Amino acid sequence: AAFFYAQDTATTLDKLRPKLSGTMFQKDLGSLLDKAIRVEALVGPLAQATGLEAQHPGVTVIARRAAHLAKADLASSTVMEMTALAGTMG
């Protein structure tokens, strides 16, 4: 696990994000990257609809960035390796 952790900390979530395209989320809904893109697209409309941006100017930019990076950790070597060991490690 230490090897994978060291490998993962040498890269950024931005670089891991494209790898989500290779992981199926759900047959009819596409990959994890497709899901992440949809979530990111919802941030602006939700912030506007709830009045959050009006109450806290600039928060939409921060929330959009968080949504952009959400799920990227699922493409890390550590998570991929631990997923591969599911059922073996208990």
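Student: Which residues does Glu 40 touch, leaving out those up to four places away in sequence?
Tutor: In this predicted model, Glu 40 touches Arg 17, Arg 64, Ala 67 and His 68 once those sequence neighbours are set aside.

Student: And where is Glu 40 found?
Tutor: Glu 40 is found in helix 3, which covers residues 32-50.

Student: What does the side chain of Glu 40 do with the side chain of Arg 17?
Tutor: The two side chains make a polar contact of 3.2 Å. Glu 40 and Arg 17 also form a salt bridge, with their closest N and O atoms 3.2 Å apart. This pair links distant parts of the chain, since Glu 40 is in helix 3 and Arg 17 is in the loop between helix 2 and strand 1, 23 residues apart.

Student: Are Glu 40 and Arg 17 buried or exposed?
Tutor: Glu 40 is buried, and Arg 17 is buried too. As a general point, side chains of opposite charge can pair when their charged atoms come close.

Student: Nice. How many salt bridges are there?
Tutor: The count comes to two salt bridges. Besides Glu 40 with Arg 17, Arg 65 forms a salt bridge with Asp 14, and there the closest N and O atoms are 2.7 Å apart. That pair links distant parts of the chain as well: Arg 65 sits in helix 5 and Asp 14 in helix 2, 51 residues apart.

Student: How accessible is Arg 65? And what about Asp 14?
Tutor: Arg 65 has 41% relative accessibility, so it counts as partly exposed. Asp 14 counts as partly exposed too, at 35% relative accessibility.

Student: Let's stay with helix 5. Which of its residues are buried?
Tutor: Helix 5 runs over residues 59-69, and its buried residues are Thr 60, Ala 67 and His 68. Seen down the axis of helix 5, these buried residues fall within an arc of 105°, so they line one face of the helix.

Student: What covers those buried residues?
Tutor: The cover includes helix 2 (13-16), helix 3 and helix 4 (52-55). Ala 67 and His 68, for example, are touched by Glu 40, a residue of helix 3.

Student: Tell me about Thr 60. What is its relative accessible area, and what does it touch?
Tutor: Thr 60 has a relative accessible area of 11%, so it is buried. Not counting residues up to four places away in sequence, Thr 60 touches Val 43, Gly 44, Ala 47 and Glu 53. The side chains of Thr 60 and Glu 53 are also joined by a polar contact of 2.4 Å.

Student: What follows helix 5?
Tutor: Lys 71 follows helix 5, and its phi is positive, near 80°. Lys 71 has that positive phi although it is not a glycine. For background, most residues other than glycine have a negative phi.

Student: Where is Lys 71, and how accessible is it?
Tutor: Lys 71 lies in the loop between helix 5 and helix 6 (77-84). At 34% relative accessibility, Lys 71 counts as partly exposed.

Student: How far apart are Lys 71 and Leu 20?
Tutor: Their C-alpha atoms are 7.9 Å apart in space, while Leu 20 and Lys 71 are 51 residues apart in sequence. Leu 20 is placed in the loop between helix 2 and strand 1. Leu 20 is buried, with a relative accessible area of 0%.

Student: What else does Leu 20 touch?
Tutor: Leaving out residues up to four places away in sequence, Leu 20 touches Ser 31, Leu 32, Leu 33, Lys 71, Ala 72, Leu 74 and Ala 75.

Student: Which residues make up the largest nonpolar core?
Tutor: Five residues make up that core: Leu 16, Leu 20, Leu 32, Leu 33 and Ala 75. Leu 33 is in contact with Arg 17, Pro 18, Leu 20 and Ser 21, leaving aside neighbours within four places in sequence.

Student: Where is Pro 18 found?
Tutor: Pro 18 is in the loop between helix 2 and strand 1 (24-26). With a relative accessible area of 48%, Pro 18 is partly exposed.

Student: Last topic: how many aromatic pairs are there?
Tutor: The count comes to one aromatic pair. The rings of Phe 3 and Phe 4 have their centres 5.3 Å apart and their planes at 70°, so the pair is edge-to-face. Phe 3 is exposed, with a relative accessible area of 58%, whereas Phe 4 is partly exposed at 22%.

Notes: Residues are numbered from 1 along each chain as its sequence is written. Side-chain values use heavy atoms; hydrogens and water are left out. Rings of Phe, Tyr and Trp (its six-membered ring) pair if their centres lie within 6.5 Å; planes under 30 degrees apart count as stacked, over 60 as edge-to-face and the rest as tilted. Buried means under 20% relative accessible area, exposed over 50%, partly exposed in between (1.4 Å probe, protein chains only). Helices (H or I, at least four residues) and strands (E, at least two) are DSSP runs, numbered from the N terminus. A polar contact is a pair of N or O atoms within 3.5 Å; within protein, one must be able to donate a hydrogen and the other to accept it, and residues adjacent in sequence count only if both atoms are side-chain atoms. Contact means heavy atoms within 4.5 Å. A nonpolar core is a set of buried Ala, Val, Leu, Ile, Met, Phe, Trp, Tyr and Cys residues joined through side-chain atoms within 4.5 Å. The arc is that of the directions from the helix axis to the C-beta atoms. A salt bridge is a side-chain nitrogen of Lys or Arg within 4 Å of a carboxyl oxygen of Asp or Glu.
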